[in-house]
Amino acid sequence: MDKKRSEQNLTESSIHTDFKNTMTYGEYLSLDQVLSGQNRMSDHHDEMLFIIIHQVSELWMKLILHELKGAIQAIEKDELSTAFKMLARVSKTQTQIIQAWDVLSTLTPSEYMEFRDSLGQASGFQSYQYRMIEFALGYKTSHVLKIYEKDKELHERLSEAYQAPGIYDVAIQALARSGLPIDKDILNRDVTVTYQKNESVMKAWLTVYRDVDKYWDLYELAEKLVDIEDWLQQWRFRHMKTVERIIGFKRGTGGSSGVGYLKKVLDHRFFPELWDIRTEL
């Protein structure tokens with residue numbers, strides 16, 4: 001036993017304990033700033049849960065945006081294998097955000113009502129990162145930009161994202177570069193307008209799925225996009241059910257119709273042809 005303890009002490013002797021002149025774990029992660037950002041507007045115990053869930057979700061969204069931006073750039077360069085790794089990471093990250101709703105669901109209606117008024121008009125509806133994710137996936141809604149006019153720098157960032165091509169735009173461009181015929185009006189479309197289903201894109205994806213060996217990279221790209229939309233819709237559904245569970249059909253703090261609004265967005269499809277070809281194959 002003494003020999004084993006001696007060997008363990010020898011092994012642990014290499015652990016650094018003097019950080020007077022070197023960076024610590026907490027400094028690297030800026031933990032002082034991160035962990036001091038939970039400022040409750042009330043004295044209610046459960047408001048801490050509410051804040052942390054939303055902050056954690058925003059951190060995961062930051063990673064999703066980082067990976068989506070990288071994937072878009074990679075697809076534009078026809079570096080599809082690089083994009084696949086990034087898109088796979090997006091899907092895994094989405095599972096973490098979905099599970100966050102399970103934790104928030106431990107908040108009961110009675111508990112939430114005790115501090116809800118402290119939120120004022122602040123609402124998840126105003127999450128600019130979520131809007132940027134929608135923009136990156138091709139869902140463009142100009143009216144939401146007005147929410148962010150208070151912050152000029154943020155408004156400029158959102159406007160830039162709004163005017164940039166989404167991941168489905170660059171995927172369609174990749175189809176065309178592979179020799180598949182795509183209507184010119186789609187290739188040159190106004191990317192600030194939410195994408196609508198197109199017959200030439202439908203036929204191109206059908207060609208890909210009917211000859212997987214020839215178009216393997218495009219086939220894999222399509223499936224990665226389906227993964228992301230599938231998980232996003234599951235996130236939206238869990239969001240809607242969590243809101244219904246906690247506040248029923250009350251209006252959201254930001255003025256939206258709450259559950260009614262969340263149910264409506266469930267009907268939107270980001271990559272319509274990739275879902276419709278399932279019926280055609």
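**Close-up views of helix packing, a cavity and a pocket**

**View 1. Helix H5 (residues 80-104) packs with helix H12 (residues 216-247) at an angle of about 15°, their axes lying 9 Å apart.** The model is predicted: local features need pLDDT of at least 70 and side-chain atom pairs count only at pLDDT 80 or more, while totals for chains, interfaces and linings use all residues. Residues are numbered from 1 along each chain as its sequence is written, and side-chain values use heavy atoms, with hydrogens and water left out. Helices are DSSP runs (H or I, at least four residues) numbered from the N terminus; axes are lines fitted to C-alpha atoms over the stretch in contact, and angles run from 0 to 180 degrees between N-to-C directions. The angle makes H5 roughly parallel to H12 (angles under 35 degrees count as such). The crossing of H5 and H12 is left-handed (the near helix is turned anticlockwise from the far one by less than a right angle).

**View 2. Helix H4 (residues 47-76) packs with helix H7 (residues 128-136) at an angle of about 25°, their axes lying 9 Å apart.** This makes H4 roughly parallel to H7. The crossing of H4 and H7 is left-handed. On H4 the contact (heavy atoms within 4.5 Å) is made by Glu58, Met61, Lys62, Ile64, Leu65, Leu68 and Ile72; on H7 it is made by Gln129, Tyr130, Met132, Ile133 and Ala136. By class, the contact of H4 with H7 has 9 nonpolar, 1 polar and 2 charged residues (Ala, Val, Leu, Ile, Met, Phe, Trp, Tyr, Cys and Pro count as nonpolar, Asp, Glu, Lys and Arg as charged, and the others, Gly among them, as polar).

**View 3. The largest cavity holds about 110 Å³ of space.** A cavity is a set of points on a 1 Å grid over the protein atoms alone where a 1.4 Å probe fits but cannot get out; lining residues have an atom within 4 Å of a point. A search of the whole structure finds 1 cavity of 30 Å³ or more. H4, H5, H7 and H12 each supply at least two residues of the lining of the largest cavity. Among the lining residues are Met61, Gln94, Tyr130 and Trp235. By class, this lining has 11 nonpolar, 1 polar and no charged residues.

**View 4. The second largest pocket holds about 160 Å³ of space.** A pocket is an open set of grid points with protein on both sides within 12 Å along at least five of seven lines. H4 gives the most to the lining of the second largest pocket, with 5 residues.

Note on methods: Parallel < 35°, antiparallel > 145°, perpendicular 65-115°, else oblique. Points joined across faces, edges and corners; volume = space filled by probe spheres on them.
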